[in-house]
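Subject: Structure handover

Hi,

Here is the structure I promised you. My notes on it follow below.

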Amino acid sequence: MIGGHGGNIYHLARIHGCRPSDICDMSANVNPLGPMPDLMDHLAENLPVITALPEVDAGSMIAAFARQNAIDPQTVMAGNGSTQLIYRIPRALGSRRAIVVGPTYADYHDACVMHGVACEHLICREADDFVPDTERIREAAAGADLVFLCNPNNPTGAMADREAITDLCRALPETVFVIDESYLPFVPQPETISMIRSELPNVLVLNSMSKAFRIPGLRIGFVKAPPPLMTKLAAYALPWSVNSLAQAAVTWLMTHADAVDAFLSETRTLIAAEKPKAIARLHASTAIRCFPSATTFILMRLPAGLDAPTVWQQMADQRILVRDCANFQGLSDAFIRISLKNLAENQRAIDLLVDLCRRHENKGAAHAG
Ligand SMILES: Cc1ncc(COP(=O)(O)O)c(C=O)c1O
């Protein structure tokens, strides 16, 4: 689906008559530190690679990714963002009935619809902070041949542990589970959660370079699949799906492990400092409810009577883009999501949200009085 995503800085910049880079985009869930400066330098130096065709199957880049993750390169495929792979999966696997564990990223559903696959949503409970209940998933997925589970999940930030996911996948061996780990690098000790080294024959793992490395414009994603499923996916692979600059970026990232580890560790430290501060301030000063998040964005339920389009507009007037969550199945216009940025930007956005809620409350009090 082309519409319905966050990150539309181009639209807001047109309204304000400013540059897209003048918009504070808290709607896109990308690394608050920005991209790695050394990676950007490397890409600038390697710009001439775009004058030749890239490797048709991105083989060298895949080999580097597989080596770094200690997995077999034959089990890895790359795509033009993980989105391209999401759309390939239901078609290539010939799925008939899918379950999407939500509220979540809309493209799993849209990929199923595009390929005529019946798709149902299993909505996690708000009372459980949207943490997936694997027992409910097991019941709902019996008879389905495909399940999408985003871990940690967008937009809720909720996460299931590896043991629970493994038990679930084992319990339904005829069902293929797609575990989307696009946001896992933001979580402390991601290697204790990741399913990428799972040997289970019915588990696909999605990985995106867009979020953690803040290079969404390069469009790079991976899927790791057991060999029989990889054969099916490979039948739908497109030549030159990953451009030359993107291949150069991944090869650099996968061969600079120390720098990458330091960067991701700094990212997690920033999130660990900024997230509780933002949540504490909102909880102390407003009736906004923030849901616990394992990652870099926060889902919020707005105070009664205040709706997401109003908040979106008032923040947009200040050139801040937040995510109106009304179009996530299982949520409504009572929800927004913000993705953390740097200290000053977070503070400004939270100040505005507090101010907006206070004005809303005062208006309510004036009406009551
Ligand atoms: C959960 C999830 N998976 C995958 C994607 C797609 O990422 P990309 O296509 O840039 O790899 C997104 C983008 O927002 C997402 O939120």
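Which residue forms a salt bridge with E126? The partner is R301, and the closest N and O atoms of the two are 2.7 Å apart. This pair links distant parts of the chain. E126 lies in the loop between β4 (118-123) and α6 (134-141). R301 is in strand β10 (residues 297-301), and 175 residues separate the two. E126 is partly exposed, at 24% relative accessibility. R301 is also partly exposed, at 30%. Bear in mind that this is a predicted model.

**Salt bridges**

Across the whole structure, a search finds twelve salt bridges. In general, side chains of opposite charge can pair when their charged atoms come close.

Two further pairs are listed here. E135 forms a salt bridge with R138, with the closest N and O atoms 2.8 Å apart. E135 and R138 are about one helical turn apart, because they sit three residues apart in helix α6. E135 has a relative accessible area of 39%, so it counts as partly exposed. R138 is partly exposed as well, with 33%.

R125 forms a salt bridge with D133. Here the closest N and O atoms are 3.8 Å apart, and the cut-off is 4 Å. R125 is partly exposed at 42% relative accessibility. D133 is partly exposed at 27%.

**Ligand site**

How many residues surround the ligand? There are 14, and the closest are T83, D180, S208, S210 and K211. By class, this shell has four nonpolar, seven polar and three charged residues.

- T83: a polar side-chain atom lies 2.6 Å from an oxygen atom of the ligand.
- S208: a polar side-chain atom is 2.7 Å from a ligand oxygen atom.
- S210: the distance from a polar side-chain atom to an oxygen atom of the ligand is 2.6 Å.

Taken alone, the ligand exposes 400 Å². The protein buries 92% of that area.

**Surface patch**

L53, V56 and W240 make a nonpolar surface patch of about 320 Å². W240 sits in the loop between α8 (227-234) and α9 (244-254). Is W240 buried or partly exposed? W240 is partly exposed, with a relative accessible area of 42%.

Best wishes

Definitions and conventions: Residues are numbered from 1 along each chain as its sequence is written. This is a predicted model: local features need pLDDT of at least 70, side-chain atom pairs count only at pLDDT 80 or more; totals for chains, interfaces and linings use all residues. Side-chain values use heavy atoms; hydrogens and water are left out. Patches are made of residues with over 30% relative accessible area and no salt bridge: like charges are joined within 9 Å, nonpolar side chains (Val, Leu, Ile, Met, Phe, Trp, Tyr) within 5 Å. Accessible areas come from the Shrake-Rupley method with a 1.4 Å probe; for residues, only the protein chains shown count as cover. A salt bridge is a side-chain nitrogen of Lys or Arg within 4 Å of a carboxyl oxygen of Asp or Glu. Helices (H or I, at least four residues) and strands (E, at least two) are DSSP runs, numbered from the N terminus. Buried means under 20% relative accessible area, exposed over 50%, partly exposed in between (1.4 Å probe, protein chains only). A residue is near a molecule or strand if one of its heavy atoms lies within 4 Å of it. A polar contact is a pair of N or O atoms within 3.5 Å; within protein, one must be able to donate a hydrogen and the other to accept it, and residues adjacent in sequence count only if both atoms are side-chain atoms. Ala, Val, Leu, Ile, Met, Phe, Trp, Tyr, Cys and Pro count as nonpolar, Asp, Glu, Lys and Arg as charged, and the others, Gly among them, as polar.
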